Amino acid sequence: FFRKWWALVQLGYDYWSESAETIEYRGEKVLPDFERFRKDVTILAGFSKPVVNVRGELRLEAESIAFGNMTEERFEALYSATINVLLHKVLAGSGVTEERLRAMADSVMEFT
């Protein structure tokens with residue numbers, strides 16, 4: 001199930017990174033980053049914990065998705081919530097349905 005979730009997030013990232021706005025920071029282009037995307041999707045899916053940084057600001061950190069840190073039921077909940085995040089935040093307006101997204105993730109799994 002972990003590999004299936006990973007394929008799902010990779011599909012979302014591939015779509016997002018192609019259309020993400022390029023910005024600059026201190027004169028350098030900032031490119032999309034899969035690890036940041038994965039964490040953001042996990043947080044938006046509701047799987048996070050609040051932390052305070054050194055400046056006293058509240059931040060949300062993505063929960064660990066390591067196999068030993070989540071039960072199968074919790075991982076299934078993450079998978080379903082991830083589909084909702086991708087459909088509403090990343091793929092909105094693309095015409096991709098939940099059924100199509102699930103089929104795409106299954107298709108990716110066949111090649112891995």
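**Close-up views of a predicted model**

**View 1. The largest pocket and its lining.** Helix α2 supplies five residues to the lining of the largest pocket, which is the largest share. The model is a predicted one. The pocket has a volume of about 220 Å³. It is lined by 15 residues, and those closest to its centre are W16, P32, D33, R36 and D40. Two elements, α2 and α3, each give two or more residues to this lining. Sorted by class, the lining consists of ten nonpolar and five charged residues, with no polar ones.

**View 2. Helix α2 and its surroundings.** Helix α2 covers residues 34–44, and its buried residues are F34, F37, R38, V41, T42 and I43. These buried residues pack against two other helices, α1 (2–19) and α3 (72–90). They also pack against the strands β3 (48–52) and β4 (58–62).

**View 3. The two ends of helix α2.** At the start of the helix, D33 places a side-chain oxygen within 3.2 Å of the backbone nitrogen of E35. D33 is also among the residues closest to the centre of the largest pocket. Just after the helix comes G46, whose phi is positive, at about 95 degrees.

**View 4. Aromatic rings.** Nine aromatic pairs are present in the structure. In one of them, Y13 and W16, the ring centres are 6.0 Å apart and the planes meet at 50 degrees, so the pair counts as tilted. Both residues belong to helix α1, where they are three residues apart, about one turn of the helix. Y13 is buried, because its relative accessible area of 13% is under the 20% limit. W16, at 31%, is partly exposed. Ring pairs join Y13 and W16 with F2, W5, W6, F34, F37 and F75 in a cluster. Of these, F34 and F37 are buried residues of helix α2.

**View 5. K49 in strand β3.** K49 is a residue of strand β3. Its relative accessible area is 48%, so K49 is partly exposed. Leaving aside residues up to four places away in sequence, K49 touches R59, L60 and E61. S64 lies 15 residues from K49 along the chain, and the C-alpha atoms of K49 and S64 are 9.9 Å apart. Strand β3 is also one of the elements against which the buried residues of α2 pack.

Technical notes. Residues are numbered from 1 along each chain as its sequence is written. This is a predicted model: local features need pLDDT of at least 70, side-chain atom pairs count only at pLDDT 80 or more; totals for chains, interfaces and linings use all residues. Side-chain values use heavy atoms; hydrogens and water are left out. Buried means under 20% relative accessible area, exposed over 50%, partly exposed in between (1.4 Å probe, protein chains only). Helices (H or I, at least four residues) and strands (E, at least two) are DSSP runs, numbered from the N terminus. Contact means heavy atoms within 4.5 Å. A polar contact is a pair of N or O atoms within 3.5 Å; within protein, one must be able to donate a hydrogen and the other to accept it, and residues adjacent in sequence count only if both atoms are side-chain atoms. Rings of Phe, Tyr and Trp (its six-membered ring) pair if their centres lie within 6.5 Å; planes under 30 degrees apart count as stacked, over 60 as edge-to-face and the rest as tilted. On a 1 Å grid over the protein atoms alone, a cavity is a set of points where a 1.4 Å probe fits but cannot get out, and a pocket is an open set with protein on both sides within 12 Å along at least five of seven lines; lining residues have an atom within 4 Å of a point. Grid points are joined across faces, edges and corners, and a volume is the space filled by probe spheres set on the points. Ala, Val, Leu, Ile, Met, Phe, Trp, Tyr, Cys and Pro count as nonpolar, Asp, Glu, Lys and Arg as charged, and the others, Gly among them, as polar.
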